[in-house]
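Colleague: I would like to learn how to read helix packing and a ligand site. Can you take me through an example?

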Amino acid sequence: MINVIGLGYIGLPTALMMASHSVEVVGTDYNRELVDTLNQGKTTFKEKGLDELFSDAVAKGIRFTTEYQKTDTYIVSVPTPYDKFSKKVDPSYVVAAVKDVMKVCPKGTTVVIESTVSPGTIEKFVRPVIREAGFVIGQDLNLVHAPERIIPGNMVYELLHNNRTIGADDREVGERIAKLYASFCQGEIVVTDIKTAEMTKVVENTFRAVNIAFANELAKICRHDNMDVYEIIRICNMHPRVSILQPGPGVGGHCISVDPWFLVGDYPSLAKVIDEAMRTNDGMPDFVLNRIYEIMNEKGMTDISRVGLYGLTYKENVDDMRESPTLQLLESQERHLATGLKVYDPFVEKDVVKNQYHELDTFLQDVDFVVIMVKHNEIRENMDKLAGKVVLDCHNICELPGVYHI
Ligand SMILES: NC(=O)c1ccc[n+]([C@@H]2O[C@H](COP(=O)([O-])OP(=O)(O)OC[C@H]3O[C@@H](n4cnc5c(N)ncnc54)[C@H](O)[C@@H]3O)[C@@H](O)[C@H]2O)c1
């Protein structure tokens, strides 16, 4: 039986996917409310295909509890934020979860860490916890790192089709866990050592962050000298070896805006490009805010409460708001002792910020200036409703005349 620890954006779909492929799974989360919701037959976030997967897994016998189980395989999928000052990974959730696993697991157990960690974290923080509990690693207990690559919005498909990396001390243990993942994963599964697996995951997200930062920097240069960044990127990408990403209002979520900092924190004198790239991306919400003021000035607008931000989540068509550019922009605005921007997101049902709307038409009635922060399908399908308004399109999706860009 597999005990999945942590039933958030990653742990829940992983547990459901295994269960739906006839693996015996118990999901454990210390958040009682979350476990109660799952036990009432409801999923805890919106994701394409998740409800169907949930029904299938429940029919196949998955159970949800706050209790850690006594079993031979654990998959730990708890948060790994970064420390805002040191920039290093904060391993405290992983350490706490492994400590709790140690209290119940028998000899012969395999502990799989799925959480993203910086290279060396398992050596420095997880192995000591296991040793302190009296286990000899490789003899009484096996340790594996299986980082996750799925993207919110397409998690179910990517769980099935992405390639995966398994890091283990021992090849045979790695192959055994690779087989477990192969119960549902149709991608290639590479077995390597733990530190390599840790590094690959962080490097993948860092690659994305640096490339996004390059596009964002181009947008700033082009804005400064009145060039069309989208046209320039389009033409450059016709070169056979150039593939520039699109600029945007910033980066959010639990991965690309977080993991590259681990390398900056651990290798401050070496990770210079990464450091600069992260600062560039983190500076984009402020850049957008300045664009808003600039455009208001140009249009002779003085009332910020007639400006509305469309989108609160960190990417399109999901309900995850963690580290989102819109939240960063609102924070920045508050730091400058200004408030009043209106906000709307079709995926965010609860009130989480001031001046938040829950219905597109009412939101649009109350604003003259719309900033497209997130390219949800809803706004793509309702673009005609923006006619006559001032529009700052941070994603270059609006074809109405007179639209402003970042
Ligand atoms: N969200 C993503 O897109 C994504 C993608 C790839 C990898 N990751 C990585 O996966 C890991 C999990 O991220 P997430 O987005 O699922 O986080 P999350 O915050 O959505 O979920 C984590 C869950 O773990 C639970 N939890 C925390 N400590 C616990 C403990 N000691 N015992 C039991 N439950 C505990 C929390 O209650 C929460 O429900 C992170 O390391 C993240 O970097 C995330």
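Colleague: How are H8 and H12 oriented to each other, roughly parallel or oblique?

Modeller: Keep in mind that this is a predicted model. Start with the angle between the axes. Angles under 35 degrees count as roughly parallel. The axes of helix H8 (residues 194-224) and helix H12 (residues 284-299) cross at roughly 25°, so H8 and H12 are roughly parallel to each other. Their axes come within 12 Å.

Colleague: In which hand does H8 pass H12?

Modeller: The crossing is left-handed. On the H8 side, Asn216, Lys220 and Arg223 make the contact; on the H12 side, Met284, Phe287 and Arg291 do. By class, that contact has two nonpolar, one polar and three charged residues.

Colleague: H8 also meets H11. At what angle do the axes of H8 and H11 cross?

Modeller: At roughly 60°, with the axes coming within 8 Å. H11 covers residues 272-282. The angle makes H8 oblique to H11. This crossing, too, is left-handed.

Colleague: Which residues make the contact of H8 with H11?

Modeller: H8 supplies Thr206, Ala209, Val210, Ile212, Ala213, Asn216, Glu217 and Lys220. H11 supplies Val273, Ile274, Ala277, Met278, Thr280 and Asn281. Sorted by class, there are eight nonpolar, four polar and two charged residues. Note Asn216 and Lys220: they are listed in the contact with H11 and in the contact with H12.

Colleague: Now H4 and H5. How do I read that pair?

Modeller: Helix H4 (residues 92-104) and helix H5 (residues 121-132) have axes that come within 10 Å and cross at roughly 20°. That makes H4 roughly parallel to H5. H4 passes H5 in a right-handed crossing. Val94, Val95, Val98, Lys99 and Met102 of H4 touch Phe125, Val126, Val129 and Ile130 of H5. The contact has eight nonpolar, no polar and one charged residues.

Colleague: Where do backbone N or O atoms lie 3.0 Å or 2.9 Å from an oxygen atom of the ligand?

Modeller: In tyrosine 9, the distance is 3.0 Å. In threonine 116, it is 2.9 Å. The ligand's nitrogen side has a case as well: a polar backbone atom of tyrosine 30 is 3.3 Å from a nitrogen atom of the ligand.

Notes. Residues numbered from 1 in each chain as written. Predicted model: local features only at pLDDT ≥ 70, side-chain atom pairs only at ≥ 80, totals over all residues. Heavy atoms only, no water. Axes fitted to C-alpha atoms, helices over the stretch in contact; angles between N-to-C directions. Helix = DSSP H or I, 4+ residues; strand = E, 2+ residues; numbered from the N terminus. Parallel < 35°, antiparallel > 145°, perpendicular 65-115°, else oblique. Left-handed = near helix turned anticlockwise from the far one by under 90°. Contact = heavy atoms within 4.5 Å. Nonpolar A, V, L, I, M, F, W, Y, C, P; charged D, E, K, R; others polar. Polar contact = N/O pair within 3.5 Å; in protein donor to acceptor, adjacent residues only side chain to side chain.
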